[in-house]
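Colleague: Please talk me through this fold. Let's bring it up on the screen first.

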Amino acid sequence: MKKLVFIITTLLVFGSTQYAFAQNKDIVDVAVGNEDFSTLVTALKAADLVEALKGDGPFTVFAPNNAAFGKIDASTLGSLLKAENKDKLAAILTYHVVSGKYTATDVVKALKDAGGTIELTALSGAKFKVRKGTDGIYLKDENGNYSKIAATDVMASNGVIHVIESVIMPK
């Protein structure tokens, strides 16, 4: 019986330590720790946005995964990562970030209250829409392109990340 109590206590301590550690990671640290965000991390570094997203926040990041960046022509993506295009890349990346922490529950409630569509203002100052579809929730950029939210509520100490399937682009 003592062994069982020891094992359960050890698991509880280890589990709570892991949870506390995850809660202490900021948005950038969470992205760095997930290999499916390696292109995003490279882009954040190229746009010199790492320190901004390590800030207090809170932020809600609609983060394109590697597959989303893979939908962009390789030469276009390569060009965006060059130093001379830092401002353009920063504008695209900050288009994916809004001020405040909005969990999936918050977004669903706002959509319900607003009749299925809400408009958000990104840190870049540009706007995009969030819409409820028949098979999920989508972002609609200023060009009319859609990106489905693939995963929600990846928590960080300074906000929350929602994973999206396509990069949204400002005009």
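**Strands, helices and a cavity**

Colleague: How do strand 5 and strand 6 pair?

Modeller: Strand 5 (residues 136-140) and strand 6 (residues 146-156) run antiparallel, with three bridges between them. Pairing here takes at least two DSSP bridges between two strands. Strands (E, at least two residues) and helices (H or I, at least four) are DSSP runs, numbered from the N terminus.

Colleague: Where do these numbers come from?

Modeller: This is a predicted model, so local features need pLDDT of at least 70 and side-chain atom pairs count only at pLDDT 80 or more, while totals for chains, interfaces and linings use all residues. Residues are numbered from 1 along each chain as its sequence is written, and side-chain values use heavy atoms, with hydrogens and water left out.

Colleague: Back to the hairpin. Which residue in strand 6 is the bridge partner of Lys140?

Modeller: Tyr146 is the partner of Lys140. Five residues lie between strand 5 and strand 6 in that hairpin. Gly144 has a positive phi there, near 90°.

Colleague: What does strand 6 do with strand 7?

Modeller: They run antiparallel too, joined by five bridges, with strand 7 at residues 159-164. Ala156 has Gly159 of strand 7 as its bridge partner. The hairpin that joins strand 6 to strand 7 passes through two residues.

Colleague: Now the helices. Which residues of helix 8 are buried?

Modeller: Ala104, Val107 and Leu111 are buried in helix 8, residues 104-113. Buried means under 20% relative accessible area, exposed means over 50%, and partly exposed is in between (1.4 Å probe, protein chains only).

Colleague: Why do the buried residues line one face of helix 8?

Modeller: Look down the axis of helix 8: its buried residues fall within an arc of 65°, so they line one face. The arc is taken over the directions from the helix axis to the C-beta atoms.

Colleague: What does the face turned away from the buried side of helix 8 carry?

Modeller: Exposed residues: Thr105, Lys109, Lys112 and Asp113.

Colleague: And what covers the buried residues of helix 8?

Modeller: The cover includes strand 3 (117-121), strand 4 (127-133), strand 5, strand 6 and strand 7. After helix 8 comes Gly115, with a positive phi near 85°.

Colleague: Zoom out. How many helices and strands are in the chain?

Modeller: Eight helices and seven strands. The chain has 171 residues, and 38% of them count as buried. Take contacts between residues at least 6 apart in sequence: 65% join residues at least 24 apart. Contact means heavy atoms within 4.5 Å.

Colleague: Which residues does Ile92 touch?

Modeller: Leaving out residues up to four places away in sequence, Ile92 touches Leu80, Val167, Ile168, Met169 and Pro170. Ile92 sits in helix 7 (residues 86-94). Ile92 is buried because its relative accessible area is 8%.

Colleague: New topic. How many cavities of 30 Å³ or more turn up?

Modeller: A search of the whole structure finds one. A cavity is a set of points, on a 1 Å grid over the protein atoms alone, where a 1.4 Å probe fits but cannot get out; lining residues have an atom within 4 Å of a point. The largest cavity has a volume of about 100 Å³. Volume is the space filled by probe spheres set on the points, which are joined across faces, edges and corners.

Colleague: How do the lining residues of the largest cavity divide into nonpolar, polar and charged?

Modeller: There are 12 nonpolar, one polar and no charged. Ala, Val, Leu, Ile, Met, Phe, Trp, Tyr, Cys and Pro count as nonpolar, Asp, Glu, Lys and Arg as charged, and the others, Gly among them, as polar.

Colleague: Last one, the backbone. Is the peptide bond from Gly57 to Pro58 cis or trans?

Modeller: It is cis, with omega near 5°. Pro58 is in the loop between helix 4 (50-53) and strand 1. Most peptide bonds are trans, and most residues other than glycine have a negative phi. Asp48 is not a glycine, yet its phi is positive, about 60°. Asp48 lies in the loop between helix 3 and helix 4.

Note on methods
On a 1 Å grid over the protein atoms alone, a cavity is a set of points where a 1.4 Å probe fits but cannot get out, and a pocket is an open set with protein on both sides within 12 Å along at least five of seven lines; lining residues have an atom within 4 Å of a point.
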